[in-house]
Amino acid sequence: MALSATKLLRSNLFSSAKLVGTLSLHSKYLNTGDSYNFIKVEKKGAKNNVALIYLNRPDALNALNDGIISDLTIALDDAQKDDDIGAIIITGSGRAFAAGADIKEMENKTFQECMKSGFLDHWNSVAKCTKPTIAAVNGFALGGGCELAMMCDIILASDKAKFGQPEIKLGTIPGAGGTQRLTRVVGKSLAMEMVLTGDHISANEALAAGLASKVYPADDLLNKAIKTAENIASKSKLIVAMAKDAVNTAYETTLAEGIKFEKKIFYATFATDDRKEGMTAFVNKREAEFKDQ
Ligand code: CAA
């Protein structure tokens, strides 16, 4: 398929940005419409403050090739720079959220190539995103697809979702956080079972294990994800970012260190206008008007 001029420019920008280790060349505002090859991006919500990113290679069950990850990295970077956006949803298309890293792209890779290129290192853009992210898992979330969902802050699942780490069947292991994030979320026994057998679990099993926070009928998933995202986006973006940082710290440190960190962040909210506004609005029985200050 021929690339449009915009797509070419954007993919060149991405390559240059990768070279200099920064994404600062990108547009300040989130691009919607037809600017990408492998994803679709829309602004959603009554206030257009939700970025909705569709992984869009349905014929390959949204297998995560280099192009899809590059597009996703650019869209996330743009969404973070766009002051209007308060939350980001990543979802799939067709039967899948994402059926994993692209096996056809990996088939002939060598150990040396993986080492030299830092294979999969750049997937981390999702985990590093400072704005809140919701994975709306509509179908298969397997291998890298399950790992991508786990990099998001919240997983909402459709009743048709299937989660799994089937890499063992391919003679490899999860390589984008699956052995680590899954174990922290669902515990050792279920993580071991999933990683060692490669078997899938259903949406309800994911819910029971704490991997997903809600399960919705498939045709209602996106509406519910947008409502959740709008709810988050209506809060102070500044305080949301601090809250996200505090919860994520629970995964990175000891309880004692985490509690100390939380206390510092809690105190820091008292240096913001939005903390004062939130409490004053409550006392005066009115809605808070946050200014992200
Ligand atoms: N990579 C590349 N192509 C993929 C793919 C993947 N991960 N998953 C599915 N596809 C492609 C298939 O090759 C097929 O394409 P063709 O029509 O060109 O043959 C198309 O998507 C549809 O797939 P199926 O015909 O297999 O559909 P199905 O309904 O029979 O089965 C499935 C669905 C169970 C999800 C099956 O496709 C499957 O098992 N996919 C692979 C899942 C997997 O192993 N994921 C882990 C990848 S490794 C990884 O992710 C490493 C990491 O940690 C980062």
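This is a predicted model: local features need pLDDT of at least 70, side-chain atom pairs count only at pLDDT 80 or more; totals for chains, interfaces and linings use all residues.

Visitor: How many cavities of 30 Å³ or more does a search of the whole structure find?

Guide: The search finds one cavity that reaches 30 Å³ or more.

Visitor: Which residues line the largest cavity?

Guide: The lining consists of Leu64, Asn65, Asp66, Ile69, Ala101, Asp102, Glu105, Met106, Phe119, Leu120, His122 and Trp123. Helix H2 (66-81) and H3 are the elements that give two or more residues to this lining. By class, the cavity lining divides into seven nonpolar, two polar and three charged residues.

Visitor: Now the open spaces. What is the volume of the largest pocket?

Guide: A pocket differs from a cavity because a pocket is an open set of points, whereas in a cavity the probe fits but cannot get out. Here the largest pocket has a volume of about 960 Å³. Its lining has 33 residues, and those nearest the centre are Met150, Cys152, Asp153, Asn248 and Tyr251.

Visitor: Which elements each supply at least two residues of the lining of the largest pocket?

Guide: They are helix H5 (125-128), helix H6 (144-151), strand E7 (154-158), helix H7 (178-186), helix H10 (221-233) and helix H11 (237-249). H11 provides the largest share, seven residues. Sorted by class, the lining of the largest pocket has 18 nonpolar, seven polar and eight charged residues.

Visitor: And what lines the second largest pocket?

Guide: The second largest pocket has a volume of about 670 Å³. It is lined by 32 residues, of which Ala101, Asp102, Ile103, Met106 and Leu170 lie nearest its centre. The classes here are 16 nonpolar, seven polar and nine charged.

Visitor: Let us turn to the ligand. How many residues surround it, and which are the closest?

Guide: The shell around the ligand has 25 residues, with Arg95, Gly144, Glu147, Glu167 and Gly175 the closest. H3, strand E6 (140-142) and H6 each supply at least two residues of that shell. H3 contributes the largest share, three residues. The shell is made up of 15 nonpolar, four polar and six charged residues.

Visitor: What percentage of the area that the ligand exposes when taken alone does the protein bury?

Guide: The protein buries 66% of the 990 Å² that the ligand exposes when taken alone.

Visitor: Last, single residues. Why does threonine 133 count as buried?

Guide: A residue counts as buried when its relative accessible area is under 20%. Threonine 133 is buried because its relative accessibility is 0%. This residue lies in strand E5 (residues 133-137). Threonine 133 and leucine 52 are 81 residues apart in sequence, with their C-alpha atoms 9.9 Å apart in space.

Visitor: Is serine 158 buried or exposed?

Guide: Serine 158 is buried, since its relative accessible area is 1%. Serine 158 belongs to strand E7, an element that also supplies at least two residues to the lining of the largest pocket. A polar atom of the serine 158 side chain lies 3.2 Å from the backbone oxygen of asparagine 138.

Visitor: Which backbone oxygen lies 2.7 Å from a polar atom of the side chain of lysine 244?

Guide: It is the backbone oxygen of cysteine 129. Lysine 244 sits in helix H11 and is buried, with a relative accessible area of 11%.

Note on methods: Residues are numbered from 1 along each chain as its sequence is written. Side-chain values use heavy atoms; hydrogens and water are left out. On a 1 Å grid over the protein atoms alone, a cavity is a set of points where a 1.4 Å probe fits but cannot get out, and a pocket is an open set with protein on both sides within 12 Å along at least five of seven lines; lining residues have an atom within 4 Å of a point. Grid points are joined across faces, edges and corners, and a volume is the space filled by probe spheres set on the points. Helices (H or I, at least four residues) and strands (E, at least two) are DSSP runs, numbered from the N terminus. Ala, Val, Leu, Ile, Met, Phe, Trp, Tyr, Cys and Pro count as nonpolar, Asp, Glu, Lys and Arg as charged, and the others, Gly among them, as polar. A residue is near a molecule or strand if one of its heavy atoms lies within 4 Å of it. Accessible areas come from the Shrake-Rupley method with a 1.4 Å probe; for residues, only the protein chains shown count as cover. Buried means under 20% relative accessible area, exposed over 50%, partly exposed in between (1.4 Å probe, protein chains only). A polar contact is a pair of N or O atoms within 3.5 Å; within protein, one must be able to donate a hydrogen and the other to accept it, and residues adjacent in sequence count only if both atoms are side-chain atoms.
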